[in-house]
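Have a look at the chain below before reading on.

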Amino acid sequence: TTLLIYVYWVAGTLVGAVFAKHLPAVHGLDFILTCFFMTIVIDYYRAHRSLKPLLLPLLASAIAYIVLPQYYLLIAIGFSVTYLYACQKAVNNDEL
């Protein structure tokens, strides 16, 4: 069920990024996306007390900003969600 939440969120972000130029301007949505992103990262940090979930999104953002600055947030979020899902899956497999 958690995977579906991430998939819906990333898919919605992707659809929004692709069709954003066809929508009227709404101010503040970029900040909301950043807040959702930070909520996921901070929640994961609180649960696992690891610095990797905090440092890897920063690194992904920096690299994406250099390579594709217009899509850096989308790339960083996609990388981070994929990484956090893989970490969560690894933790769940160790618990079995």
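**Starting from Thr 13**

Setting aside neighbours within four places in sequence, Thr 13 is in contact with Leu 33 and Leu 74, where contact means heavy atoms within 4.5 Å. This is a predicted model, in which local features need pLDDT of at least 70, side-chain atom pairs count only at pLDDT 80 or more, and totals for chains, interfaces and linings use all residues. Residues are numbered from 1 along each chain as its sequence is written, and side-chain values use heavy atoms, leaving out hydrogens and water.

Thr 13 counts as buried because its relative accessibility is 12%; buried means under 20% relative accessible area, exposed over 50% and partly exposed in between, with a 1.4 Å probe and protein chains only. Thr 13 lies in helix α1, helices being DSSP runs of H or I with at least four residues, numbered from the N terminus. The buried residues of α1 are Tyr 6, Trp 9 and Thr 13. Seen down the axis of α1, these buried residues fall within an arc of 65°, so they line one face of the helix; the arc is that of the directions from the helix axis to the C-beta atoms.

Now follow Leu 33: with neighbours within four places left aside, Leu 33 touches Trp 9, Thr 13, Leu 73 and Ile 77 by contact. The largest nonpolar core has 12 residues in all, among them Trp 9, Leu 33, Leu 73 and Ile 77. Such a core is a set of buried Ala, Val, Leu, Ile, Met, Phe, Trp, Tyr and Cys residues joined through side-chain atoms within 4.5 Å. Helices α1 (2-19), α2 (29-48) and α4 (72-95) each supply at least two residues of this core.
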